[in-house]
Amino acid sequence: MILNAPDLWRQAYGNIYDNKGGMPPGVDGLTIDGYADERAKNLLVLLRANRDVPSPVQRAYIPKPNGKQRPLGKPTTNDTHVQEVWRMILESIDEPVCKESSHGFRMQRSCHTARKDSKYWSGTKWFIECDIAGSFDTIDHNIRMGLLEKKIDDTKFLNIISKMVKAGYVEDWKYHNPYSGTPQGGSISPLLATISLHELDGSMEKRLADFSRGKERSRNPEYHSSSLRAGRLHKKIAQEENQAIRSKLREQKKVTQRRMLHIPSVDQQDPESRRVQYCRYADDFVRGAICPKSDAEAIYRKIEPCLQEDRK
């Protein structure tokens, strides 16, 4: 399909051209500006003959909010074009199987949808926030290709992806050969990282299901007692005809109701009721837990061993 769909290549060029980040030149000094069918045809000839070899990306750095620097790679013009075509195909394959908890680098998803998702985690007592350090740089090439092979049989399509991630980068005119990771900066890199992190989403959902138990938390006896007292006072007020006594009963009812506002209606530390929610944006994820603090701390301690296990 890729080799016989010129409209696909034109659409890919339009996607890149609309993105100002795709305009700076790579190591070949050329920019994406000025599309020509002839350029795309030349790429197709190389791809058909399996002679397309991605060039190393030009590494640059941008500042991060914490004062550190984030490495970015700028592919060459042709590599950028090829990456975008491959990204479009990969996205159509991967998007239908994505988890609802995933919000990073997906169509109609963003940090805003992630925030909206976690906004309605009612009753959450503890939030466990995690950031996978250097996830773009540490994803094993063989593991990633194994995940892609589960869904894609086209070996030529997969070989191009393998060449992309192993192309390396140039910094200060010195070539560096990568042994893992996905170079940040290419249009396909975020999607490849997300595909790898889908395994994390599935693992987390399974672990959350194993952790959760009980339909709802038990009632707080103190709140229940105050609620019954307020109900009895309401009945007495309705039956009492003496206005002075009615006023006293109303005041007692108000005091009871104000007190109820400061009392949880359910047992906040009920050991028989536990719930955990999960939401991920790129390599940052958060878990919202309804459970005693000791259980939340146990969840936190298990996250790193779980990631190590899933990585294998």
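I began with α9 and what sits over it: the cover of its buried residues includes α10 (243-260). For me, buried means under 20% relative accessible area, exposed over 50%, and partly exposed in between, with a 1.4 Å probe and protein chains only. Contact means heavy atoms within 4.5 Å. Helices (H or I, at least four residues) and strands (E, at least two) are DSSP runs, numbered from the N terminus.

Before going on, I noted that this is a predicted model, where local features need pLDDT of at least 70, side-chain atom pairs count only at pLDDT 80 or more, and totals for chains, interfaces and linings use all residues. Residues are numbered from 1 along each chain as its sequence is written, and side-chain values use heavy atoms, with hydrogens and water left out.

**Helix α9**

Which residues of α9 are buried? I found Ser 226, Ala 230, Leu 233 and Ile 237. They cover an arc of only 65° around the axis, which puts them on the same side of α9. The arc is taken from the directions from the helix axis to the C-beta atoms. On the face turned away from the buried side I saw the exposed residues Pro 221, Lys 235, Ala 238 and Gln 239.

I also checked the length of α9. Its 19 residues (221-239) should span 27 Å at 1.5 Å a residue, and the end C-alpha atoms are 27 Å apart, which agrees. The expected span is 1.5 Å times one less than the number of residues.

At the N-terminal end, Asn 220 is the cap of α9, with a side-chain oxygen 3.1 Å from the backbone nitrogen of Glu 222.

**Helix α6**

In α6 (residues 141-149) I listed His 141, Arg 144, Met 145, Leu 147 and Leu 148 as buried. Their arc is only 155° around the axis, which puts them on the same side of α6. Among the things covering them are α3 (77-94), α7 (155-165) and α8 (189-211).

**Two sheets**

Strands count as paired if DSSP finds at least two bridges between them. Strand β1 (residues 57-63) runs antiparallel to β2, and 6 bridges join them. Gln 58 has Lys 74 of β2 as its bridge partner.

The other sheet is also open: 3 strands in the order β3-β7-β6, with antiparallel pairing. Here the edges are β3 (126-131) and β6 (275-281). β3 pairs with β7 (residues 284-290) over 6 bridges. Asp 131 has Asp 284 in β7 as its bridge partner.

**The loop between β4 and β5**

Where does Asp 172 sit? I found it in the loop between β4 (169-171) and β5 (174-176). Trp 173 lies in the loop between β4 and β5 too. Phi is near 55° for Asp 172 and near 60° for Trp 173; each is a positive value in a residue other than glycine. Are they buried or exposed? Asp 172 is exposed, at 70% relative accessible area, and Trp 173 is exposed at 82%.

Technical notes: A polar contact is a pair of N or O atoms within 3.5 Å; within protein, one must be able to donate a hydrogen and the other to accept it, and residues adjacent in sequence count only if both atoms are side-chain atoms.
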